[in-house]
Amino acid sequence: MKRNREGYTLSIKESQIISTGKLPQGCFHGLTTVRQLLPPQIESKAPVADITWQVPQCQIVDYPLYSYRGMMLDHGEAEPTLYNENDDNSVGRQFVQLNEPYGGFFTQEEIKEIVAYATDRFIIVQPELEIPGHVTAALAAYPELGCTGGPYKVITSWGIFSDVFCAKDTTFQFLEDVWDEYAALFPGPMYHMGGDECPKGRWTSCQHCQQRIKDENLRSTSELQAYFVRRQAAHLAKLGKRLIGWDEIMEGGLADGAAVMSWRGTHGGTQAAKTGHDAVMTPMSHCYFDFAQATSNQNGNETNEEGFVNPNGRGMNSFSNAITLQHVYGFEPCPSSEKDENVRKHIIGGQCNVWTERLPAQSNIDYNVFPRMASMCEALWTNKERKEYDHFQDRLNEIIKAYDVLGINYCKMQLKTPSSINSIVFIIRGVRGTV
């Protein structure tokens, strides 16, 4: 079974630890489990004295439920330095033609370092290039790629803006050049093209876009967006890559081989799966970690018991609409009620997202991500039949000890008090035992 390819068997005896797997990443997952079973001081960068380094004897057979388990951290909104993404606030390296780029950018050498670090841990860095909307920063650097010719300015706030890429030949050549540069940096099999929230008003009044619609026998601006998608998919295929995009890429017809990242609920992903396209579920209801996760104070900010104030973002300012730790834990990319095996095999996983336009510092980001990331990890790894939220909370109290060692500013508002724990119950990615 394809989903078992990352599985592993871990045998811990009195004087021997053996991790085996079909693939190297399986063995790595086994060693990661050993690391989790060790005292949390294993995460310390400095030597630690007076620690008994031991793990319980056990036999574990484990594998992930989904092959795609993603975490998207968008630097472009608040600290626009990402090389591998452009939006209204940030631009990729080829786009930087401003005297003082807002926030700077990652160099190729820095990207290579990041990719190498991730690859050593069997993590795939998947680049995203926003097309055809959310591109005012690119247009500020290259105004000839827009419908009006500019001038344009880099936007320093969140929003949806009317200026988008023009469907002229120079635009497509420019985008192909950027994809070519990405291909030399990102070895992963799938590239993200965005495709979301693209206003079409400029295309309606643009002679170049209207001529493209006529030349390609398109019937609407929605089909022009689909044409953008097909052009990107075709070029990525030449590079040996697959295209994935937000669910708006389905408008006007989905490109052959393209995968869908479903954020406006799960309906788009399900429809894509029914037509034989892979889908990654990332609905706002469960997966947007810039949304508040608990109660808010009178100023609309989330405040923990120690007085740390965190901006809510996205207008999430009450417990009734917060994305709680338990709500994330209950996330099912493919619900158990879905009986169509063809649909189930094409829903390949899920992803949590953090948009940082209202999270100004690393401490704010940490607070929104942790411990919800741990909850999402288990939601994407563990079969529903093996998931128990109370036991997850018990184990989470052990995980946060590692957070403390690492200095992570995690949210403490929904943690189970240690005094209520009768024993240390652990489920190592779906396999439960008691120490």
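Cys-209, Arg-212 and Ile-213 of helix 6 (207–215) are in contact with Thr-221, Leu-224, Tyr-227 and Arg-231 of helix 7 (221–238), where contact means heavy atoms within 4.5 Å. The model is predicted, so local features need pLDDT of at least 70 and side-chain atom pairs count only at pLDDT 80 or more, whereas totals for chains, interfaces and linings use all residues. Residues are numbered from 1 along each chain as its sequence is written, and side-chain values use heavy atoms, with hydrogens and water left out. Helices (H or I, at least four residues) and strands (E, at least two) are DSSP runs, numbered from the N terminus.

**Packing of helix 6 and helix 7**

- Two packed helices are described by the angle between their axes and the distance between the axes.
- Helix 6 and helix 7 pack at about 80°, and their axes are 10 Å apart; axes are lines fitted to C-alpha atoms, for helices over the stretch in contact, and angles run from 0 to 180 degrees between N-to-C directions.
- The two helices are therefore roughly perpendicular to each other, a term that covers 65 to 115 degrees.

**Nonpolar cores**

- A nonpolar core is a set of buried Ala, Val, Leu, Ile, Met, Phe, Trp, Tyr and Cys residues joined through side-chain atoms within 4.5 Å.
- Buried means under 20% relative accessible area, exposed over 50%, and partly exposed in between (1.4 Å probe, protein chains only).
- The largest core has 45 residues, and those with the most contacts inside it include Cys-209, Leu-224 and Leu-243.
- Among the elements that each supply at least two residues of this core are helix 2 (108–120), strand 5 (128–131), helix 4 (169–183) and strand 6 (190–194).
- Another core, of 44 residues, lies apart from it and includes Trp-246, Ile-323, Val-328 and Met-376.
- Leaving aside neighbours within four places in sequence, Leu-243 is in contact with residues including Tyr-191, Met-193, Val-229, Leu-236 and Ile-249.

- Seven strands form an open sheet in the order 4-12-9-8-7-6-5, with parallel pairing; two strands pair if DSSP finds at least two bridges between them.
- Strand 4 (68–74) and strand 5 are the edge strands, each pairing on one side only.
- From one strand to the next, the twist averages 30°.
- Strand 7 (residues 242–246) and strand 8 (residues 259–262) run parallel and are joined by three bridges; Ile-244 has Ala-259 in strand 8 as its bridge partner.
- Helix 4 lies across strand 5 and strand 6, and runs at about 170° to strand 5.

**Backbone exceptions**

- Most residues other than glycine have a negative phi, and most peptide bonds are trans.
- The Gly-150 to Pro-151 peptide bond is cis, with omega near 5°; Pro-151 lies in the loop between helix 3 and helix 4.
- The bond from Phe-370 to Pro-371 is cis, with omega near 5°; Pro-371 is in the loop between helix 12 (362–369) and helix 13 (372–381).
- Phe-122, in the loop between helix 2 and strand 5, has a positive phi near 60° and is partly exposed, with a relative accessible area of 39%.
- Asn-217, in the loop between helix 6 and helix 7, has a positive phi of about 55° and counts as exposed at 67% relative accessibility.

Notes:
Parallel < 35°, antiparallel > 145°, perpendicular 65-115°, else oblique.
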